[in-house]
Amino acid sequence: MSTTTTAFPDGFLWGGATAANQLEGAYDQGGKGLSVQDVMPQGIAGPRTAGPVAENLKLIGIDHYHRYAEDIALFAEMGFTTYRFSIAWSRIFPRGDEDEPNEEGLAFYDRLLDELEKHGIEPLVTISHYETPLHLAETYDGWTDRRLIGFYERYARTLFERFGSRVKYWLTFNEINSLVHAPFMSGGIDTPKDELTAQQLFQAMHHELVASARATRVAREVAPNALVGCMVLSMPTYPLTPSPADALAVMEADHANLLYGDVHTRGVYPGYFLRTLREQGIELDITAQDREDLTNTVDFVSFSYYMSVAETADPELKKAGQGNIMGGVPNPTLPASEWGWQIDPVGLRLVLNQFWDRWQKPLFIVENGLGAKDQLVEVDGVKTVVDDYRIAYLNDHLVQVGEALLDGVDVIGYTSWGCIDLVSASTAQLSKRYGFIYVDRDDDGSGTLERYKKKSFDWYAEVIRTNGGSLQA
Ligand code: BGP
(Lines give C-alpha, C1' and ligand atoms only; values in the text may rest on other atoms or scores of the structure.)
Protein backbone atom coordinates (compact mmCIF):
# COMPACT_ATOMS: atom_id res chain seq x y z
CA MET A 1 0.00 0.00 0.00
CA SER A 2 1.67 3.21 -1.10
CA THR A 3 0.88 6.64 0.28
CA THR A 4 1.81 10.22 -0.44
CA THR A 5 3.05 10.81 3.11
CA THR A 6 6.11 12.75 2.15
CA ALA A 7 4.46 14.95 -0.44
CA PHE A 8 2.66 17.36 1.91
CA PRO A 9 5.09 19.85 3.43
CA ASP A 10 5.10 20.84 7.10
CA GLY A 11 2.74 23.73 7.68
CA PHE A 12 0.46 22.74 4.77
CA LEU A 13 -2.89 24.32 5.62
CA TRP A 14 -5.77 21.87 6.02
CA GLY A 15 -9.37 22.91 6.49
CA GLY A 16 -12.78 23.58 5.06
CA ALA A 17 -14.61 26.35 3.23
CA THR A 18 -18.01 28.03 3.42
CA ALA A 19 -19.74 31.23 2.28
CA ALA A 20 -21.84 33.52 4.47
CA ASN A 21 -24.98 33.42 2.33
CA GLN A 22 -25.03 29.63 2.28
CA LEU A 23 -24.83 28.99 6.02
CA GLU A 24 -25.25 32.05 8.25
CA GLY A 25 -28.99 32.62 7.92
CA ALA A 26 -30.12 35.59 10.08
CA TYR A 27 -30.64 37.40 6.79
CA ASP A 28 -32.30 40.39 8.45
CA GLN A 29 -30.56 40.41 11.84
CA GLY A 30 -27.74 42.51 13.23
CA GLY A 31 -28.55 45.36 10.85
CA LYS A 32 -27.86 43.26 7.75
CA GLY A 33 -29.26 44.51 4.46
CA LEU A 34 -30.56 42.24 1.72
CA SER A 35 -28.13 40.64 -0.71
CA VAL A 36 -28.83 39.20 -4.14
CA GLN A 37 -29.04 35.75 -2.52
CA ASP A 38 -32.04 36.79 -0.45
CA VAL A 39 -34.08 36.99 -3.66
CA MET A 40 -32.77 33.80 -5.33
CA PRO A 41 -34.87 31.06 -3.71
CA GLN A 42 -34.10 28.55 -6.46
CA GLY A 43 -30.46 29.32 -7.10
CA ILE A 44 -29.02 30.33 -10.46
CA ALA A 45 -31.58 28.71 -12.70
CA GLY A 46 -34.73 29.92 -10.97
CA PRO A 47 -36.34 33.34 -11.22
CA ARG A 48 -35.42 36.07 -8.77
CA THR A 49 -38.19 37.26 -6.47
CA ALA A 50 -39.15 40.81 -5.55
CA GLY A 51 -38.15 40.24 -1.95
CA PRO A 52 -37.32 37.43 0.49
CA VAL A 53 -39.75 34.48 0.40
CA ALA A 54 -40.05 31.73 3.02
CA GLU A 55 -39.03 28.98 0.54
CA ASN A 56 -35.57 30.55 0.33
CA LEU A 57 -33.49 28.21 2.50
CA LYS A 58 -30.71 30.79 2.72
CA LEU A 59 -32.81 33.06 4.96
CA ILE A 60 -32.15 30.65 7.84
CA GLY A 61 -29.29 28.70 6.26
CA ILE A 62 -27.97 26.35 8.91
CA ASP A 63 -28.25 29.11 11.51
CA HIS A 64 -24.49 29.43 11.70
CA TYR A 65 -24.93 33.08 12.73
CA HIS A 66 -26.06 31.79 16.11
CA ARG A 67 -24.16 28.47 16.18
CA TYR A 68 -20.73 29.50 14.87
CA ALA A 69 -18.97 28.64 18.14
CA GLU A 70 -20.35 25.09 18.14
CA ASP A 71 -19.47 24.67 14.44
CA ILE A 72 -15.93 25.99 14.82
CA ALA A 73 -15.41 23.66 17.79
CA LEU A 74 -16.29 20.75 15.48
CA PHE A 75 -13.82 22.02 12.85
CA ALA A 76 -11.18 22.19 15.58
CA GLU A 77 -12.00 18.64 16.59
CA MET A 78 -11.12 17.57 13.03
CA GLY A 79 -7.84 19.39 13.44
CA PHE A 80 -8.45 22.19 10.91
CA THR A 81 -5.48 24.51 10.70
CA THR A 82 -7.37 26.90 8.44
CA TYR A 83 -10.99 27.84 7.79
CA ARG A 84 -12.25 29.73 4.77
CA PHE A 85 -15.37 31.82 5.29
CA SER A 86 -16.80 34.88 3.61
CA ILE A 87 -17.91 38.15 5.08
CA ALA A 88 -21.43 39.15 4.03
CA TRP A 89 -20.96 42.55 2.39
CA SER A 90 -24.50 43.58 3.35
CA ARG A 91 -23.77 42.94 7.06
CA ILE A 92 -21.00 45.55 6.88
CA PHE A 93 -22.57 47.96 4.38
CA PRO A 94 -26.29 47.03 4.35
CA ARG A 95 -26.98 48.91 1.11
CA GLY A 96 -23.43 48.91 -0.18
CA ASP A 97 -23.11 52.63 -0.84
CA GLU A 98 -23.11 54.09 2.69
CA ASP A 99 -20.21 56.11 4.06
CA GLU A 100 -20.07 54.34 7.41
CA PRO A 101 -20.08 50.61 8.16
CA ASN A 102 -22.54 48.80 10.40
CA GLU A 103 -20.73 48.16 13.67
CA GLU A 104 -22.95 45.21 14.59
CA GLY A 105 -21.87 43.41 11.44
CA LEU A 106 -18.19 43.98 12.12
CA ALA A 107 -18.65 42.83 15.72
CA PHE A 108 -20.10 39.51 14.55
CA TYR A 109 -16.95 38.71 12.57
CA ASP A 110 -14.80 39.81 15.53
CA ARG A 111 -16.57 37.17 17.61
CA LEU A 112 -16.13 34.57 14.88
CA LEU A 113 -12.41 35.37 14.63
CA ASP A 114 -12.15 35.11 18.43
CA GLU A 115 -13.40 31.52 18.19
CA LEU A 116 -10.92 30.67 15.44
CA GLU A 117 -8.07 32.18 17.45
CA LYS A 118 -9.14 30.22 20.49
CA HIS A 119 -8.65 27.02 18.49
CA GLY A 120 -5.51 28.14 16.65
CA ILE A 121 -7.25 28.07 13.24
CA GLU A 122 -5.84 30.40 10.57
CA PRO A 123 -8.67 32.37 8.94
CA LEU A 124 -8.94 32.64 5.15
CA VAL A 125 -11.44 35.36 4.28
CA THR A 126 -13.38 35.86 1.06
CA ILE A 127 -14.35 39.51 0.78
CA SER A 128 -17.12 38.96 -1.78
CA HIS A 129 -18.71 35.56 -2.30
CA TYR A 130 -21.85 35.84 -4.46
CA GLU A 131 -23.54 38.18 -1.96
CA THR A 132 -23.54 41.68 -3.47
CA PRO A 133 -25.90 43.98 -1.54
CA LEU A 134 -29.25 43.94 -3.35
CA HIS A 135 -29.40 47.74 -3.34
CA LEU A 136 -26.28 47.85 -5.53
CA ALA A 137 -27.96 45.45 -7.96
CA GLU A 138 -31.22 47.40 -8.10
CA THR A 139 -29.82 50.93 -8.12
CA TYR A 140 -26.59 50.58 -10.10
CA ASP A 141 -27.09 47.33 -12.06
CA GLY A 142 -24.23 45.87 -10.06
CA TRP A 143 -20.76 45.70 -11.53
CA THR A 144 -21.78 47.19 -14.86
CA ASP A 145 -21.45 50.52 -13.01
CA ARG A 146 -17.96 51.91 -12.40
CA ARG A 147 -19.05 53.34 -9.05
CA LEU A 148 -19.03 49.82 -7.61
CA ILE A 149 -15.21 49.97 -7.62
CA GLY A 150 -15.31 52.76 -5.03
CA PHE A 151 -17.97 51.04 -2.90
CA TYR A 152 -15.99 47.80 -2.90
CA GLU A 153 -12.74 49.62 -2.12
CA ARG A 154 -14.36 51.25 0.92
CA TYR A 155 -15.73 47.90 2.05
CA ALA A 156 -12.35 46.16 1.60
CA ARG A 157 -10.52 48.99 3.39
CA THR A 158 -12.94 48.70 6.30
CA LEU A 159 -12.18 44.98 6.58
CA PHE A 160 -8.41 45.39 6.30
CA GLU A 161 -8.43 48.13 8.94
CA ARG A 162 -10.58 46.17 11.31
CA PHE A 163 -9.29 42.61 10.79
CA GLY A 164 -5.96 43.10 9.00
CA SER A 165 -3.91 42.29 12.07
CA ARG A 166 -5.85 39.06 12.68
CA VAL A 167 -6.33 37.75 9.14
CA LYS A 168 -3.38 36.92 6.90
CA TYR A 169 -5.06 35.28 3.89
CA TRP A 170 -7.64 37.26 1.86
CA LEU A 171 -9.51 36.48 -1.36
CA THR A 172 -11.02 39.39 -3.28
CA PHE A 173 -13.87 37.82 -5.31
CA ASN A 174 -15.13 34.26 -5.27
CA GLU A 175 -14.80 32.62 -8.70
CA ILE A 176 -14.33 35.95 -10.43
CA ASN A 177 -14.51 34.24 -13.84
CA SER A 178 -18.13 33.23 -13.22
CA LEU A 179 -19.38 36.79 -13.70
CA VAL A 180 -20.08 36.40 -17.41
CA HIS A 181 -21.91 33.10 -16.80
CA ALA A 182 -24.02 34.10 -13.78
CA PRO A 183 -24.24 37.91 -13.93
CA PHE A 184 -26.85 38.38 -11.19
CA MET A 185 -25.41 36.00 -8.61
CA SER A 186 -21.79 36.73 -9.34
CA GLY A 187 -21.93 40.38 -10.35
CA GLY A 188 -25.16 41.76 -8.89
CA ILE A 189 -26.23 42.64 -12.44
CA ASP A 190 -29.99 43.02 -12.43
CA THR A 191 -30.45 43.18 -16.19
CA PRO A 192 -31.49 39.68 -17.34
CA LYS A 193 -28.59 37.70 -18.78
CA ASP A 194 -30.08 37.36 -22.25
CA GLU A 195 -30.39 41.14 -22.55
CA LEU A 196 -26.75 41.81 -21.69
CA THR A 197 -24.21 42.48 -24.42
CA ALA A 198 -20.62 41.19 -24.42
CA GLN A 199 -19.57 44.83 -24.08
CA GLN A 200 -21.52 45.21 -20.82
CA LEU A 201 -20.27 41.92 -19.41
CA PHE A 202 -16.63 42.62 -20.21
CA GLN A 203 -16.96 46.13 -18.79
CA ALA A 204 -18.36 44.67 -15.56
CA MET A 205 -15.49 42.16 -15.52
CA HIS A 206 -13.04 45.02 -15.96
CA HIS A 207 -14.56 46.88 -13.00
CA GLU A 208 -14.19 43.81 -10.80
CA LEU A 209 -10.60 43.24 -11.90
CA VAL A 210 -9.74 46.86 -11.08
CA ALA A 211 -11.55 46.63 -7.73
CA SER A 212 -9.65 43.45 -6.90
CA ALA A 213 -6.31 45.10 -7.71
CA ARG A 214 -7.23 48.20 -5.71
CA ALA A 215 -8.08 46.05 -2.70
CA THR A 216 -4.63 44.48 -3.03
CA ARG A 217 -3.07 47.95 -3.03
CA VAL A 218 -5.10 49.02 0.02
CA ALA A 219 -4.10 45.85 1.89
CA ARG A 220 -0.44 46.68 1.33
CA GLU A 221 -1.03 50.15 2.82
CA VAL A 222 -3.12 49.29 5.85
CA ALA A 223 -2.43 45.60 6.53
CA PRO A 224 1.17 44.91 5.53
CA ASN A 225 1.08 41.34 6.84
CA ALA A 226 -1.90 40.41 4.70
CA LEU A 227 -1.51 38.20 1.64
CA VAL A 228 -4.11 38.82 -1.05
CA GLY A 229 -5.14 36.20 -3.57
CA CYS A 230 -7.54 36.01 -6.48
CA MET A 231 -10.02 33.14 -6.65
CA VAL A 232 -11.00 31.46 -9.91
CA LEU A 233 -13.26 28.61 -10.90
CA SER A 234 -10.95 26.06 -12.51
CA MET A 235 -12.27 23.89 -15.31
CA PRO A 236 -9.62 21.76 -17.00
CA THR A 237 -10.73 21.18 -20.55
CA TYR A 238 -9.89 18.20 -22.76
CA PRO A 239 -10.26 18.01 -26.54
CA LEU A 240 -13.15 15.66 -27.34
CA THR A 241 -11.02 14.18 -30.17
CA PRO A 242 -7.33 14.57 -31.06
CA SER A 243 -8.21 16.81 -34.03
CA PRO A 244 -6.39 20.16 -34.23
CA ALA A 245 -9.78 21.85 -34.47
CA ASP A 246 -10.79 20.43 -31.10
CA ALA A 247 -7.41 21.37 -29.60
CA LEU A 248 -7.97 24.91 -30.82
CA ALA A 249 -11.44 24.93 -29.26
CA VAL A 250 -9.77 23.94 -25.98
CA MET A 251 -7.28 26.77 -26.31
CA GLU A 252 -10.11 29.23 -26.77
CA ALA A 253 -12.08 27.87 -23.81
CA ASP A 254 -8.90 28.00 -21.71
CA HIS A 255 -8.27 31.60 -22.72
CA ALA A 256 -11.78 32.60 -21.66
CA ASN A 257 -11.17 31.05 -18.22
CA LEU A 258 -7.50 31.85 -17.66
CA LEU A 259 -7.90 35.51 -18.58
CA TYR A 260 -8.77 36.43 -15.00
CA GLY A 261 -5.73 34.74 -13.48
CA ASP A 262 -3.53 36.19 -16.22
CA VAL A 263 -4.61 39.74 -15.34
CA HIS A 264 -4.32 39.14 -11.59
CA THR A 265 -0.79 37.75 -11.87
CA ARG A 266 0.61 39.87 -14.73
CA GLY A 267 -1.23 43.16 -14.23
CA VAL A 268 -2.13 43.63 -17.92
CA TYR A 269 -4.65 42.24 -20.38
CA PRO A 270 -3.17 39.45 -22.53
CA GLY A 271 -2.98 39.70 -26.33
CA TYR A 272 -5.58 37.00 -26.96
CA PHE A 273 -8.16 39.05 -25.05
CA LEU A 274 -7.29 42.25 -26.93
CA ARG A 275 -7.89 40.25 -30.11
CA THR A 276 -11.34 39.17 -28.86
CA LEU A 277 -12.22 42.79 -28.16
CA ARG A 278 -11.01 43.94 -31.58
CA GLU A 279 -12.84 41.21 -33.43
CA GLN A 280 -16.08 41.80 -31.56
CA GLY A 281 -15.82 45.55 -32.03
CA ILE A 282 -15.78 46.16 -28.27
CA GLU A 283 -14.10 49.20 -26.80
CA LEU A 284 -13.78 49.03 -23.06
CA ASP A 285 -13.65 52.09 -20.86
CA ILE A 286 -10.19 51.60 -19.32
CA THR A 287 -8.65 54.68 -17.71
CA ALA A 288 -4.95 55.39 -17.10
CA GLN A 289 -5.69 54.98 -13.39
CA ASP A 290 -7.25 51.57 -14.09
CA ARG A 291 -4.10 50.45 -15.86
CA GLU A 292 -1.98 51.55 -12.95
CA ASP A 293 -4.30 49.88 -10.44
CA LEU A 294 -4.11 46.58 -12.34
CA THR A 295 -0.36 46.41 -11.75
CA ASN A 296 -1.07 45.54 -8.09
CA THR A 297 -0.81 41.82 -8.71
CA VAL A 298 -1.76 39.08 -6.25
CA ASP A 299 0.41 37.25 -3.72
CA PHE A 300 -1.14 33.88 -4.47
CA VAL A 301 -3.80 32.25 -6.65
CA SER A 302 -6.67 30.29 -5.17
CA PHE A 303 -9.25 28.25 -7.00
CA SER A 304 -12.18 25.87 -6.80
CA TYR A 305 -12.01 22.47 -8.45
CA TYR A 306 -14.94 20.12 -8.82
CA MET A 307 -14.87 18.74 -12.34
CA SER A 308 -13.40 18.89 -15.81
CA VAL A 309 -15.10 19.14 -19.20
CA ALA A 310 -14.39 18.36 -22.84
CA GLU A 311 -14.54 20.77 -25.74
CA THR A 312 -15.19 20.33 -29.45
CA ALA A 313 -15.25 22.39 -32.60
CA ASP A 314 -18.17 20.34 -33.92
CA PRO A 315 -21.38 22.36 -33.46
CA GLU A 316 -23.44 19.14 -33.52
CA LEU A 317 -21.62 17.77 -30.49
CA LYS A 318 -21.36 21.06 -28.67
CA LYS A 319 -24.30 20.51 -26.35
CA ALA A 320 -23.49 21.75 -22.88
CA GLY A 321 -23.40 19.21 -20.08
CA GLN A 322 -24.36 19.91 -16.48
CA GLY A 323 -21.78 21.37 -14.24
CA ASN A 324 -20.42 24.01 -11.98
CA ILE A 325 -21.79 27.31 -13.38
CA MET A 326 -20.04 27.14 -16.74
CA GLY A 327 -20.42 23.48 -17.70
CA GLY A 328 -19.08 22.13 -20.98
CA VAL A 329 -19.22 19.14 -23.29
CA PRO A 330 -19.54 15.87 -21.31
CA ASN A 331 -16.42 13.71 -21.35
CA PRO A 332 -17.39 10.12 -22.30
CA THR A 333 -14.53 8.67 -20.21
CA LEU A 334 -15.65 10.03 -16.84
CA PRO A 335 -18.33 9.18 -14.26
CA ALA A 336 -20.52 11.92 -12.82
CA SER A 337 -22.10 12.92 -9.52
CA GLU A 338 -25.86 12.76 -8.95
CA TRP A 339 -25.98 16.33 -10.27
CA GLY A 340 -24.06 15.49 -13.43
CA TRP A 341 -20.75 17.01 -12.37
CA GLN A 342 -18.06 14.77 -13.88
CA ILE A 343 -15.58 13.32 -11.40
CA ASP A 344 -11.94 13.62 -12.42
CA PRO A 345 -9.23 13.55 -9.71
CA VAL A 346 -6.41 13.67 -12.29
CA GLY A 347 -7.87 16.94 -13.57
CA LEU A 348 -6.84 18.50 -10.25
CA ARG A 349 -3.20 17.53 -10.77
CA LEU A 350 -3.37 18.88 -14.33
CA VAL A 351 -4.84 22.20 -13.27
CA LEU A 352 -2.31 22.59 -10.43
CA ASN A 353 0.51 22.07 -12.92
CA GLN A 354 -1.05 24.37 -15.50
CA PHE A 355 -1.55 27.21 -13.02
CA TRP A 356 1.91 26.83 -11.53
CA ASP A 357 3.63 26.65 -14.93
CA ARG A 358 1.69 29.67 -16.13
CA TRP A 359 1.65 31.96 -13.09
CA GLN A 360 4.45 30.85 -10.75
CA LYS A 361 2.46 31.94 -7.71
CA PRO A 362 1.70 29.81 -4.64
CA LEU A 363 -1.58 27.97 -5.14
CA PHE A 364 -4.35 27.45 -2.61
CA ILE A 365 -7.13 24.94 -3.34
CA VAL A 366 -10.02 26.64 -1.57
CA GLU A 367 -12.94 24.50 -2.81
CA ASN A 368 -13.25 20.84 -3.73
CA GLY A 369 -15.79 18.25 -2.76
CA LEU A 370 -18.70 16.02 -3.66
CA GLY A 371 -22.32 17.14 -3.47
CA ALA A 372 -24.40 14.06 -2.66
CA LYS A 373 -27.68 12.97 -1.10
CA ASP A 374 -26.82 11.65 2.35
CA GLN A 375 -28.82 9.26 4.50
CA LEU A 376 -28.80 9.76 8.26
CA VAL A 377 -28.63 6.29 9.88
CA GLU A 378 -27.91 4.84 13.30
CA VAL A 379 -24.65 2.94 13.82
CA ASP A 380 -24.09 1.51 17.32
CA GLY A 381 -26.74 3.84 18.64
CA VAL A 382 -25.13 6.95 17.15
CA LYS A 383 -26.68 8.93 14.29
CA THR A 384 -24.27 9.32 11.38
CA VAL A 385 -23.89 9.15 7.60
CA VAL A 386 -21.83 6.36 6.06
CA ASP A 387 -20.43 8.51 3.27
CA ASP A 388 -17.83 6.21 1.75
CA TYR A 389 -18.49 7.83 -1.67
CA ARG A 390 -17.38 11.22 -0.26
CA ILE A 391 -14.30 9.71 1.37
CA ALA A 392 -13.36 8.09 -1.96
CA TYR A 393 -13.83 11.36 -3.86
CA LEU A 394 -11.76 13.41 -1.42
CA ASN A 395 -9.08 10.74 -1.03
CA ASP A 396 -8.59 10.44 -4.77
CA HIS A 397 -8.38 14.21 -5.24
CA LEU A 398 -5.94 14.65 -2.36
CA VAL A 399 -3.72 11.89 -3.75
CA GLN A 400 -3.48 13.98 -6.92
CA VAL A 401 -2.58 17.06 -4.85
CA GLY A 402 0.27 14.95 -3.45
CA GLU A 403 1.33 14.09 -7.01
CA ALA A 404 1.33 17.77 -7.97
CA LEU A 405 3.47 18.56 -4.93
CA LEU A 406 5.92 15.90 -6.13
CA ASP A 407 5.78 17.57 -9.57
CA GLY A 408 7.19 20.66 -7.82
CA VAL A 409 3.99 22.70 -7.68
CA ASP A 410 3.85 25.14 -4.75
CA VAL A 411 0.53 24.30 -3.05
CA ILE A 412 0.01 25.99 0.32
CA GLY A 413 -3.30 24.57 1.45
CA TYR A 414 -6.56 22.76 0.84
CA THR A 415 -10.02 23.66 2.12
CA SER A 416 -12.75 21.19 1.27
CA TRP A 417 -15.99 22.85 0.16
CA GLY A 418 -18.97 22.91 2.48
CA CYS A 419 -17.15 21.28 5.40
CA ILE A 420 -20.49 21.47 7.17
CA ASP A 421 -23.69 20.92 5.14
CA LEU A 422 -25.03 24.17 3.73
CA VAL A 423 -27.34 25.53 1.03
CA SER A 424 -26.17 24.86 -2.53
CA ALA A 425 -25.21 27.88 -4.62
CA SER A 426 -26.47 26.59 -7.96
CA THR A 427 -29.71 24.91 -6.91
CA ALA A 428 -30.38 26.40 -3.43
CA GLN A 429 -31.01 22.89 -2.07
CA LEU A 430 -29.91 21.52 1.27
CA SER A 431 -30.08 17.95 -0.02
CA LYS A 432 -26.95 18.60 -2.09
CA ARG A 433 -24.62 17.98 0.82
CA TYR A 434 -20.83 18.34 0.91
CA GLY A 435 -20.07 18.29 4.63
CA PHE A 436 -18.17 16.19 7.14
CA ILE A 437 -20.95 17.35 9.46
CA TYR A 438 -24.57 16.54 8.69
CA VAL A 439 -27.09 19.28 9.46
CA ASP A 440 -30.67 18.19 10.09
CA ARG A 441 -32.51 20.48 7.70
CA ASP A 442 -34.31 19.42 4.54
CA ASP A 443 -35.25 21.03 1.25
CA ASP A 444 -38.73 21.84 2.59
CA GLY A 445 -37.16 23.73 5.49
CA SER A 446 -38.04 21.12 8.11
CA GLY A 447 -35.51 19.75 10.60
CA THR A 448 -34.00 20.42 14.00
CA LEU A 449 -30.73 21.97 12.75
CA GLU A 450 -28.88 19.45 14.95
CA ARG A 451 -25.33 18.60 13.83
CA TYR A 452 -24.11 14.97 13.38
CA LYS A 453 -20.62 13.75 12.50
CA LYS A 454 -20.46 11.73 9.28
CA LYS A 455 -18.01 8.87 8.72
CA SER A 456 -15.88 11.31 6.70
CA PHE A 457 -15.42 13.44 9.83
CA ASP A 458 -13.04 10.93 11.43
CA TRP A 459 -11.50 10.11 8.08
CA TYR A 460 -10.57 13.78 7.43
CA ALA A 461 -9.31 14.20 11.00
CA GLU A 462 -6.91 11.33 10.34
CA VAL A 463 -5.75 12.82 7.02
CA ILE A 464 -4.97 16.08 8.79
CA ARG A 465 -3.33 14.39 11.79
CA THR A 466 -0.99 12.46 9.48
CA ASN A 467 -0.45 15.42 7.11
CA GLY A 468 -1.77 13.34 4.23
CA GLY A 469 0.01 10.15 5.29
CA SER A 470 -3.22 8.20 5.67
CA LEU A 471 -4.31 8.80 2.07
CA GLN A 472 -4.67 5.67 -0.08
CA ALA A 473 -2.93 5.99 -3.43
C1 BGP B 1 -18.84 27.04 -6.21
C2 BGP B 1 -19.23 28.15 -5.27
C3 BGP B 1 -19.67 27.73 -3.92
C4 BGP B 1 -20.31 26.37 -3.84
C5 BGP B 1 -19.77 25.36 -4.80
C6 BGP B 1 -20.60 24.12 -4.95
O7 BGP B 1 -19.07 27.44 -7.52
O8 BGP B 1 -18.14 29.03 -5.08
O9 BGP B 1 -20.39 28.78 -3.34
O10 BGP B 1 -21.63 26.37 -3.62
O11 BGP B 1 -19.53 25.86 -6.09
O12 BGP B 1 -21.67 24.38 -5.80
P13 BGP B 1 -23.16 24.00 -5.47
O14 BGP B 1 -23.43 24.60 -4.14
O15 BGP B 1 -23.95 24.63 -6.55
O16 BGP B 1 -23.21 22.53 -5.48
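Mentor: The model is predicted. Counting ring pairs with centres within 6.5 Å gives 33 aromatic pairs. One of these pairs joins Tyr65 and Phe108, whose ring centres are 4.4 Å apart. The angle between their planes is 35 degrees, and the pair is classed as tilted; stacked would need planes under 30 degrees apart. Tyr65 belongs to helix α2, which covers residues 64-78, while Phe108 belongs to helix α4, residues 103-118, so this contact ties together parts that are 43 residues apart in sequence. Tyr65 and Phe108 are both buried.

Another pair is made by Phe160 and Trp170, with 4.8 Å from centre to centre. Here the planes are 75 degrees apart and the geometry is edge-to-face, the class for angles over 60 degrees. Phe160 is in helix α6 (residues 147-163) and Trp170 is in strand β4 (residues 169-173), so a helix and a strand are tied together by parts that are 10 residues apart in sequence. Phe160 has a relative accessible area of 1% and therefore counts as buried, the limit being under 20%. For Trp170 the relative accessible area is 0%, so Trp170 is buried as well.

Charged side chains also sit over rings. Lys432 lies over the face of Trp341, 3.7 Å from the ring centre. Arg433 is placed over the face of Tyr438, at 4.0 Å from the ring centre.

How values were computed:
Residues numbered from 1 in each chain as written. Predicted model: local features only at pLDDT ≥ 70, side-chain atom pairs only at ≥ 80, totals over all residues. Heavy atoms only, no water. Phe/Tyr/Trp six-rings, centres within 6.5 Å; stacked < 30°, edge-to-face > 60°. Helix = DSSP H or I, 4+ residues; strand = E, 2+ residues; numbered from the N terminus. Buried < 20%, exposed > 50% of the residue type's maximum accessible area, 1.4 Å probe, protein only. Lys NZ or Arg CZ within 6 Å of the ring centre and 35° of its normal.
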